[in-house]
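The sequence and structure come first, and the notes follow by topic.

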Amino acid sequence: MANLTTVEINRLLDLSLGTGGASGSYMAAFTTAPNIPLSTGGVEVSGNAYARQQVNFAAASGGSKIPAADVLFPEATGSWGTVVVGVGIYDSLTSGGTNVLKWYATLTTPGDPNTPLPKLISAYDRLVIKSADASFSMS
C-alpha cells in the first residue's frame with residue numbers, strides 16, 4: 001500500500017483549511033455529532049448569539065495543522081442546548097452557499113483524545129477552542 005509523504009500531507013492540509021488570513025474555513029459547534037464520513041445529520045447550535053467563527057490557520061508542519069489563534073465563540077445570551085459535543089469546519093459562514101462540512105472533531109479532554117468532554121454552554125458562557133488543542137491531521 002502506498003503512503004503519502006509528510007510534504008504532501010502538509011500540502012493537502014493547507015489546501016483544505018487554508019493558510020493565513022481569510023482562509024474560508026469556519027468553525028461550527030454541534031449539540032449532536034454529524035454522521036462521518038457522510039457529512040450528513042448533526043445538529044449545529046443556533047440562537048442565543050451563536051455564530052460560526054472564521055478560523056485562520058498557520059501553515060501545516062510535520063503532517064498536522066493548528067489554528068493561528070484560539071477560536072472564540074461569542075458570549076451566549078441564553079443556553080445553547082443540551083451540551084456542545086464537537087466542532088466542525090465548514091467552507092462558509094452560514095448555512096447558505098456551498099456549506100460543505102470538511103472536518104469534524106469530538107470535544108475531548110486536553111491531552112487525552114479518547115475521553116469525550118462535552119461542554120454545557122449557558123447564558124454568559126463562551127466556548128473557546130484553544131489553538132494548541134485543535135490539531136488537524138490526516139491518517
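Two strands are taken as paired if DSSP finds at least two bridges between them. Strand 1 and strand 3 meet that condition, with two bridges in the antiparallel sense. The model is predicted.

- Strand 1 is mostly covered, with six of its seven residues buried.
- Towards strand 3, Tyr 26 stands opposite Gln 54.
- Strand 1 and strand 6 run antiparallel and are joined by five bridges.
- Strand 2 is also antiparallel to strand 1, and two bridges join them.
- Phe 30 has a bridge partner in strand 6, Gly 86, and another in strand 2, Glu 44.

**Strands 8 and 9**

- Strand 8 (residues 108-109) runs antiparallel to strand 9, and two bridges join them.
- Thr 108 has Pro 116 of strand 9 as its bridge partner.
- The hairpin of strand 8 and strand 9 has two residues between the strands, and Gly 111 takes a positive phi near 85° there.
- Strand 9 (residues 112-116) has five residues and the number buried is zero, so this strand lies largely in the open.

**Nonpolar core**

- In soluble globular proteins, nonpolar side chains tend to be buried together.
- The largest nonpolar core here has 28 residues, and those with the most contacts inside it include Met 27, Phe 73, Trp 80 and Ile 89.
- Helix 1, strand 1 (26-32), strand 6 and strand 7 (101-106) are the elements that give two or more residues to this core.
- Strand 1 gives the most to this core, with four residues.
- Leaving out residues up to four places away in sequence, Ile 89 touches a set of residues that includes Leu 17, Met 27, Val 55, Phe 57, Leu 101, Trp 103 and Phe 136.

**Aromatic pairs**

- A pair of aromatic rings is described by the distance of the centres and the angle of the planes.
- How many aromatic pairs does the structure hold? The structure holds seven.
- One of them is the edge-to-face pair of Tyr 50 and Trp 80, at 5.3 Å centre to centre with 90° between the planes.
- This pair links distant parts of the chain, 30 residues apart: Tyr 50 is in the loop between strand 2 (43-44) and strand 3 (53-54), and Trp 80 is in the loop between strand 5 (71-72) and strand 6 (86-90).
- Tyr 50 counts as buried at 12% relative accessibility, and Trp 80 counts as buried at 4%.
- Phe 57 and Phe 136 have ring centres 5.4 Å apart and planes at 85°, so this pair is edge-to-face.
- Phe 57 lies in the loop between strand 3 and strand 4 (64-65), and Phe 136 lies in strand 11 (residues 136-137), so the pair ties together parts that are 79 residues apart in sequence.
- Both Phe 57 and Phe 136 are buried.
- Phe 30, Tyr 90 and Tyr 104 are linked into a cluster by ring pairs.
- Tyr 90 also has Arg 52 over its face, at 3.7 Å from the ring centre.

**Salt bridges**

- Side chains of opposite charge can pair when their charged atoms come close.
- The structure holds four salt bridges.
- Lys 65 and Asp 14 meet through their side chains in a salt bridge of 2.4 Å, N to O.
- Lys 65 lies in strand 4 and Asp 14 in helix 1 (residues 6-17), so the pair ties together parts that are 51 residues apart in sequence.
- Is Lys 65 buried or exposed? At 1% relative accessibility, Lys 65 counts as buried, whereas Asp 14 is partly exposed with a relative accessible area of 22%.
- Arg 52 forms a salt bridge with Glu 44, and the closest N and O atoms are 2.8 Å apart.
- Arg 52 counts as buried at 6% relative accessibility, while Glu 44 is partly exposed with a relative accessible area of 22%.
- The side chains of Lys 130 and Asp 70 meet in a salt bridge of 3.5 Å, N to O.
- That pair links distant parts of the chain, 60 residues apart: Lys 130 is in the loop between strand 10 (128-129) and strand 11, and Asp 70 is in the loop between strand 4 and strand 5.
- Lys 130 counts as partly exposed at 44% relative accessibility, and Asp 70 counts as partly exposed at 35%.

Key. Residues numbered from 1 in each chain as written. Predicted model: local features only at pLDDT ≥ 70, side-chain atom pairs only at ≥ 80, totals over all residues. Heavy atoms only, no water. Buried < 20%, exposed > 50% of the residue type's maximum accessible area, 1.4 Å probe, protein only. Phe/Tyr/Trp six-rings, centres within 6.5 Å; stacked < 30°, edge-to-face > 60°. Lys NZ or Arg CZ within 6 Å of the ring centre and 35° of its normal. Core = buried A, V, L, I, M, F, W, Y, C linked by side-chain atoms within 4.5 Å. Contact = heavy atoms within 4.5 Å.
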